[in-house]
Each structure stands twice: as structure tokens, then as C-alpha cells.
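Colleague: I am new to this structure and would like a close look at a single part. Could you take me through the stretch that carries the transporter annotation, and then show me how the rest fits around it?

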Amino acid sequence: MINIQSLSFSYRKNKPLFDNLQLRLEAGHIYGLLGKNGAGKSTLLKQMAGLLYPDKGTCEVMGYAAAKRQPAFLREIFLVPEEFYLPRVSITRYVNTYAPFYPNFDQGAFFSYLKEFDIPRDHMLTEMSYGQKKKVLISFALATNTKVLIMDEPTNGLDIPSKSQFRKVIAAAVSDDKCIVISTHQVRDLDNLIDSIVIINDHKIIFREDVQTVTDKLSFKTVSRIEESTGVLFADSNLRGHTIITRNTGQEHSKIDMELLFNAILTNQQPIQEIFN
Amino acid sequence: MEFKDTQAIYVQIADYICEQVLLSKWQTEERLPSVRELAVLLEVNPNTVMRTCELLQQQEIIYNKRGIGYFISADAVKKIKQYKKEAFITNELPSFFRSMYLLDLDLDELKPHFEKFKKSNFN
């Protein structure tokens with residue numbers, strides 16, 4: 001669905017953000033794009049949406065070069081950016097103006113998402129809080145039914161109840177022919193939704209595995225004494241004891257701890273990557 | 001539903017479904033909510049629910065009617081007990097036995113405790 005080959009890109013000369021980056025994403029998955037601040041998550045998402053162009057290499061989405069922004073490509077992709085602007089119009093007016101660009105737009109679904117999010121229908125967009133605007137945009141994005149849906153930090157600014165609502169609407173939106181890419185720092189908000197993990201660091205994709213493969217190969221557990229465990233790949237100590245990652249030698253089915261995995265890969269990349277290769 | 005951090009989500013969902021059946025909230029031969037409905041209800045990826053269904057189907061706790069969905073098997077209760085028994089023996093017994101061994105406890109010594117427990121909790 002998304003095929004990025006040898007992508008190099010920099011905002012400033014001699015300061016490359018991406019260097020020969022490779023990434024392939026398939027339909028039917030929810031990808032979680034993780035990376036430190038400034039690693040280039042948003043930039044990568046903008047490349048996919050055709051808002052930035054590669055210096056070298058290619059970024060192909062559904063067979064189209066994203067940078068060419070052909071109409072047939074644009075009607076099948078939607079990006080929810082972290083910072084956005086909504087015009088001073090009502091929701092109805094907004095939908096009437098923008099929905100026609102998306103042939104599979106589902107108006108009924110749009111209003112049911114708004115209802116789920118508790119958004120009044122007759123307000124001006126500019127009179128809403130940041131969180132409410134974001135919910136309108138997320139509802140619109142889901143209702144477009146595009147094959148590719150990209151969201152940059154979607155749970156930022158959402159209050160506690162709407163995070164649960166967000167998970168419900170996303171769970172309902174997944175299908176075999178859709179590819180959803182979500183960048184996030186709040187992995188705990190979404191860790192039961194994301195089924196594949198992509199980690200970007202040091203100009204490259206350093207990790208890309210589905211959650212099932214990760215838990216087949218690694219075990220995540222909390223132990224009181226770390227000395228009793230063998231083959232510890234990474235440990236984080238807290239009041240409850242030590243949360244650790246070990247190689248999954250038996251047929252254990254532990255729950256993935258994405259924060260722990262992220263920290264482990266950033267600090268102790270080599271031995272973990274060897275397990276997956 | 002609150003998920004624990006200790007076990008894979010798809011296994012926890014399987015336990016949840018088994019519990020609904022054991023508590024007779026869901027009857028045998030009844031249709032299970034669809035994969036999508038369960039995913040929305042539990043706020044998880046539908047692929048995770050699919051994996052749960054594969055597991056439960058393997059254990060013959062549910063079965064698939066093509067094009068209609070998953071149904072709870074007629075002998076689901078029996079199958080669940082079998083499945084949970086196996087899980088108990090492989091997952092929980094080893095650490096229990098380890099403590100017994102370390103404390104020099106004998107199985108016979110535990111028997112009166114077990115009888116007392118049954119009496120006070122399930123009588």
C-alpha cells in the first residue's frame with residue numbers, strides 16, 4: 001500500500017533528516033509510528049500524503065507517486081495533522097464543502113461519529129475548543145473512507161472519556177483494504193489497537209514488526225528480583241519491581257509493553273534486532 | 001473491560017468470553033457478537049479478536065457457521081473446563097509446586113485445607 005524506497009530528505013543543507021530510508025506498509029493494519037521528538041515522524045507522514053517531496057528516492061502510495069498529488073491519489077488518502085486550521089463555518093457547511101472531494105464519504109457515519117464524541121452539530125468550527133475541533137476532524141477523516149488514513153498524534157488534546165470513544169471508532173473503521181498509520185507518544189492510549197510497530201530513529205526505520213511476531217519472540221514481564229531471570233534484554237525498575245524483556249523461549253503469551261520495547265530498542269538495539277533477523 | 005498487563009490481550013479476551021459462557025450470560029448455540037462488534041466493545045484491533053476466535057475454535061468452544069458468524073458450541077462448558085484445566089496446569093501449578101517444594105509441604109498435608117476452603121466458599 002505504501003512503499004518508500006531509498007528516501008532521503010532534509011529541511012536544511014547538510015542536515016539530513018532521512019537518509020536512504022526504506023519502509024513498506026500493507027493494507028489491513030494499524031501501524032503505530034514511534035520515535036523521539038524531532039526524529040521525523042510528522043515529516044514522514046507528510047511525505048506519504050504528498051505534502052513534502054523526497055530529495056532522493058521514492059514514496060509510492062497505492063501505486064501513485066505521492067509527490068505528484070494526482071486527484072485519484074488524493075481522494076483515497078486523508079491526513080489528520082497535529083496542528084490544523086478549520087475555517088469559520090458551521091459543521092454542515094464544512095461537510096458540504098469538503099465531502100465531495102471524497103467519493104466514498106459516508107455522511108451518516110460522520111454524524112454518528114460526532115454523536116459518539118458528543119459534538120453539537122450546529123456550532124461554528126471556530127467557536128470550539130481544540131479538542132472538539134480535533135474530534136470533528138477525526139470524525140471527518142474516518143467518514144471519508146479513504147484507503148489510507150494517516151493521523152499525527154490523534155489523541156493529543158482529547159479528554160479522558162474521548163480516548164475510549166476514539167478507540168471504539170477506530171476499531172470500527174479497520175478493514176482489510178485500509179491502511180491506518182498513527183504516530184503517537186501516548187502509546188498506552190492505543191496499544192490494543194496498533195497491530196504493527198514502526199520505529200524511526202537516526203534518519204532511518206530501525207524497527208518494523210507486527211505485535212504478534214514481537215510477542216512470539218519476546219516476553220514482557222514484571223519480576224521482583226531481576227537476578228532470577230535469565231537472558232534479560234532490557235529492564236526498567238520501578239516500585240512494583242522490574243519490568244523486563246527477555247527472549248520468549250517457551251510458548252508464553254505476554255502482553256506487549258510498547259513503551260518498554262521502544263526504550264529497549266533505542267538503548268540496546270543490536271541484540272534485539274538480531275532476534276528478529 | 002479492564003485488561004491486565006500480564007497476559008496477551010487475545011488470551012484475556014478468550015477468558016472473558018469463557019467467563020460469559022460459564023456465568024450463563026451467553027448461552028450455548030447462541031451466536032457470538034461479530035468480530036467487529038467485539039473489537040468496538042473491547043476497544044481493540046479486530047485482528048486481535050480474530051486471533052481469539054481462532055484459539056476458541058481450536059479448543060472447540062466456539063464454531064464457525066460460514067457467512068453467519070461464530071456460535072457457542074453445545075458442549076462449550078465442558079470444553080472450557082478442559083481448556084482452563086490445561087491452562088491452570090501449565091501456567092499456575094509450576095509456581096505453586098515450587099512453593100510447596102521449598103516449604104517441604106506434602107500433598108496430603110494440603111488436603112484438609114482444600115476441603116475447608118471448598119466448604120467455606122462453595123457450600
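Modeller: Happy to. Over residues 2-227 of chain A, the chain is 31% helix and 31% strand, and the end C-alpha atoms lie 44 Å apart. What you see is a predicted model. The stretch itself comes from UniProt, where an unreviewed entry places the feature "domain: ABC transporter" at residues 2-227 of chain A.

Let us set that stretch in its chain. Chain A as a whole has ten helices and 13 strands. Its C-alpha trace spans about 65 × 45 × 35 Å along the principal axes. A compact globule of 277 residues would have a radius of gyration near 19 Å, and chain A, at 20 Å, agrees with that. Of the 277 residues of chain A, 38% count as buried. Contacts in chain A between residues at least 6 apart in sequence include 66% that join residues at least 24 apart.

Chain A can also be viewed through its domains: domain 1 (2-85 + 145-202) and domain 2 (212-276). The centres of domain 1 and domain 2 of chain A, taken over C-alpha atoms, are separated by 27 Å. Where these two domains touch, domain 1 of chain A gives six residues and domain 2 of chain A gives seven residues. On the domain 1 side, strand S9 (residues 196-201) of chain A supplies the largest share, three residues. By class, that side of domain 1 of chain A has four nonpolar, one polar and one charged residues.

In chain A, the core draws at least three residues from each of domain 1 (2-85 + 145-202) and domain 2 (212-276).

The contact between the chains takes 16 residues from chain B and 14 residues from chain A. H1, helix H2 (35-42) and helix H3 (46-58) of chain B each supply at least two residues of the side of chain B that touches chain A. The residues on that side of chain B divide into eight nonpolar, five polar and three charged.

Chain B has a build of its own, with five helices and two strands. Read along the sequence, the pattern of chain B is α-α-α-β-β-α-α. A compact globule of 123 residues would have a radius of gyration near 14 Å, but chain B has 18 Å. The C-alpha trace of chain B spans about 55 × 30 × 25 Å along its principal axes. Of the 123 residues of chain B, 26% count as buried. Among contacts in chain B between residues at least 6 apart in sequence, 54% join residues at least 24 apart.

Chain B carries a record annotation too: an unreviewed UniProt entry gives "domain: HTH gntR-type" for residues 7-75 of chain B. That span of chain B is 51% helix and 12% strand, and its end C-alpha atoms lie 26 Å apart.

Conventions:
Residues are numbered from 1 along each chain as its sequence is written. Chains are lettered from A and ligands numbered from 1 in the order in which they are written. This is a predicted model: local features need pLDDT of at least 70, side-chain atom pairs count only at pLDDT 80 or more; totals for chains, interfaces and linings use all residues. Helices (H or I, at least four residues) and strands (E, at least two) are DSSP runs, numbered from the N terminus. The radius of gyration is taken over C-alpha atoms; the globule rule is 2.2 Å times the number of residues to the power 0.38. A residue is buried if 20 or more other C-beta atoms lie within 10 Å of its own, exposed if 12 or fewer, and partly exposed in between; C-beta atoms are placed from the backbone. Domain bounds come from an automatic or database domain assignment. Ala, Val, Leu, Ile, Met, Phe, Trp, Tyr, Cys and Pro count as nonpolar, Asp, Glu, Lys and Arg as charged, and the others, Gly among them, as polar. UniProt positions are given in the numbering used here, feature names are shortened, and annotations may be inferred rather than shown by experiment.
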